[in-house]
Each structure stands twice: as structure tokens, then as C-alpha cells.
Amino acid sequence: MHKVLVPKYSGAHRFACLALYRALLRQCRPSTADTPWLGEIKPLVRQNFRKYKSLQSPSQTVNALKAGYEALDLLSSSHTNQRDAHRITTLISQSRSQKDKYAAMQRNVRPVAPPAKSLSPKKARKERSIRFQEETSQRHPNATSILNRPQPLGDKKRNVPVLVNARGLPFLRYKKPQPRNVSSVIRTKLDRRWNWIERRDRLKIELLFAQDEEEWDRMTETTEPSTWSEHPTNAIADVNAKIGHFDMHAKELADNMWKIVLAEKALAEEEASQKQPNQ
């Protein structure tokens, strides 16, 4: 079997195509004022060469080259032959009309939307959860403090909240899922407390080095204006005060929230007893 030669990988073929391409572009240069259509030929030449540059079939390649040489002869004779010039203008107008017709057809064709696929219960719950998290990412502008409870609800059924302990930080949960802004506030406060604890651990290590420095000064009978352990000790005391204030505030908040839970529960029982006789 003979070896199959792909035309685009042949140097002779590429040279012939490039020579034809340059010759056609040279013929598209406007020579007189009577040939304004030459400016429209150049985009068509470039478009067709880009369209057929990946041809691999020998028969199709031969037909494309034959059409290119016929176009070159037609352009060459159009400068002196009015019949060939008229033929070129006719071909340009036909190409333009076909292009406009195809564009109009494409505008009229409306893509048919695929039928909506019903979500599974698991995916539906996930979509609702994502939508809820997006809606509750910011605090509502008319939201009041959680400590301004209980509030009158009218004819609505009262929902008794649950006091939840999130790693030492209390909050009231009225319903699930939890709003995103509440989770963000809890995470921010707990991260701040944990940063204080890590800072205290680092200061305790620095305090050990400071005590070693003081022991060295004692052995060498060196006097300093202040002790080495003074600043780490003060910093540790400051961090402990911040942690203690945070924990004390959390304890007071938990006590106030527990009072709200008891008041909400009492009001829920009272409202339920008032509605029962009417039913």
C-alpha cells in the first residue's frame, strides 16, 4: 500500500496555496474608481481560505484549488472585461443576500428550552438550604435585640426558643435551619476568644525565657532597670482579664436568655389555654 499523504503536511501543497492566496489578495487592490467591489472581495477570500485550510480529502482539495484559480482568472480579466466585472458584482450580491437570509433565519429560530427536570428530595432540600443561607447572610435592618423578648404575637402560635451552648457562647434558637448571620457572629466571637488563648500560651513560653534571663543576671550580678518577666506577666494578666470578661458576659447573657425561655414558655401555655375554650 502506498503511503497516504495529508495535503496540509506537504510543503509543495502549502507553497502553492500560499502563492494562490497572495495572488488573490493582490488582485483585490482597488485600481480605479470603477471597481469599488474589490474591497468586498478581500474578506471573502480570507474567509474561504480559513474555511478550507483543514481539508484532507485529495478530491476536495483539488476542487478548492480549481475554484481558487478560476477566481484568480476572473479577477485578472475583470479589469478589462466588463462582462467579468458584472459577473463578480452579481456573485457578491448573491453572497450578501444569502448571508442576510441566513442571519434572519437564525434570529427567527428560538432555542427550545429543555423540559425542567424535577429535583430529587435531597437536591430540593439542598437548594432550599442554599437559598436560605443567601437570604440570611445579612442582618435584617428592622431586627431587634434578642433580649427584647417575649413579644406579643397576636393570633400566631408562639414558638418557645431553645437555649443552646456553642462552646461556651449561649444563643437562642427559635427554628432551624440557623440563619447565616447568626452563625457568622458566633464564629467571630469564638475565634476571638481562641486567639486570646493562643496568645496566652505564647506569652507563657516567653515568660519561661524571661525567667532564664533573670537567673543569668543573678548569676552574673547584672542589674537591669526592670525585670525580664515584668512585660510578659502584664501581658498574660491583660489576656486573662479579656478572657474572664468574655466568659462573665457569656454567663450573664445565658442567664438573661434563660429568663426569656421561661417567659416564652409561660406565655405559650397561657395563650394555648385561652384559645382552647374558643375551639
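These legends go with a set of close-ups of a predicted model.

The model is predicted, so local features need pLDDT of at least 70 and side-chain atom pairs count only at pLDDT 80 or more, while totals for chains, interfaces and linings use all residues. Residues are numbered from 1 along each chain as its sequence is written, and side-chain values use heavy atoms, with hydrogens and water left out.

**View 1. Arg 158 and Glu 264 pair up in a salt bridge.** Their closest N and O atoms sit 2.9 Å apart; the term covers a side-chain nitrogen of Lys or Arg within 4 Å of a carboxyl oxygen of Asp or Glu. The pair links distant parts of the chain, 106 residues apart: Arg 158 is in the loop between α5 (121-135) and β1 (162-166), and Glu 264 is in helix α7 (residues 230-278). Helices here are DSSP runs of H or I with at least four residues, strands are E runs of at least two, and both are numbered from the N terminus. Buried or exposed? Arg 158 is buried at 9% relative accessible area, and Glu 264 is buried at 2%. For reference, buried is under 20%, exposed is over 50% and partly exposed is in between, using a 1.4 Å probe and protein chains only.

**View 2. Arg 193 and Asp 247 form a salt bridge.** Here too there is a closest N to O distance, 2.9 Å. Arg 193 lies in helix α6 (residues 180-220) and Asp 247 in helix α7, so the pair ties together parts that are 54 residues apart in sequence. Arg 193 counts as partly exposed at 23%, and Asp 247 is partly exposed at 33%.

View 3. Asp 255 is partly exposed, with a relative accessible area of 37%. Elsewhere, salt bridges that share partners join Arg 158, Glu 264 and Glu 271 into one network. The model's salt bridge count comes to six.

**View 4. Ser 229 sits in the loop between α6 and α7.** Ser 229 is buried, at 15% relative accessible area. Its side chain makes a polar contact with the side chain of Glu 214 at 2.7 Å (a pair of N or O atoms within 3.5 Å; within protein, one must be able to donate a hydrogen and the other to accept it, and residues adjacent in sequence count only if both atoms are side-chain atoms). Leaving out residues up to four places away in sequence, Ser 229 touches Leu 207, Ala 210 and Glu 214, where contact means heavy atoms within 4.5 Å.

**View 5. The largest nonpolar core has 14 residues.** Such a core is a set of buried Ala, Val, Leu, Ile, Met, Phe, Trp, Tyr and Cys residues joined through side-chain atoms within 4.5 Å. Leu 169, Phe 171, Ile 186, Trp 196, Val 239 and Ile 243 touch the most other members. Two or more residues each come from β1, β2 (169-173), α6 and α7, and α6 gives the most, with six. Among the residues that Phe 171 touches are Val 182, Ile 186 and Met 257, not counting residues up to four places away in sequence.
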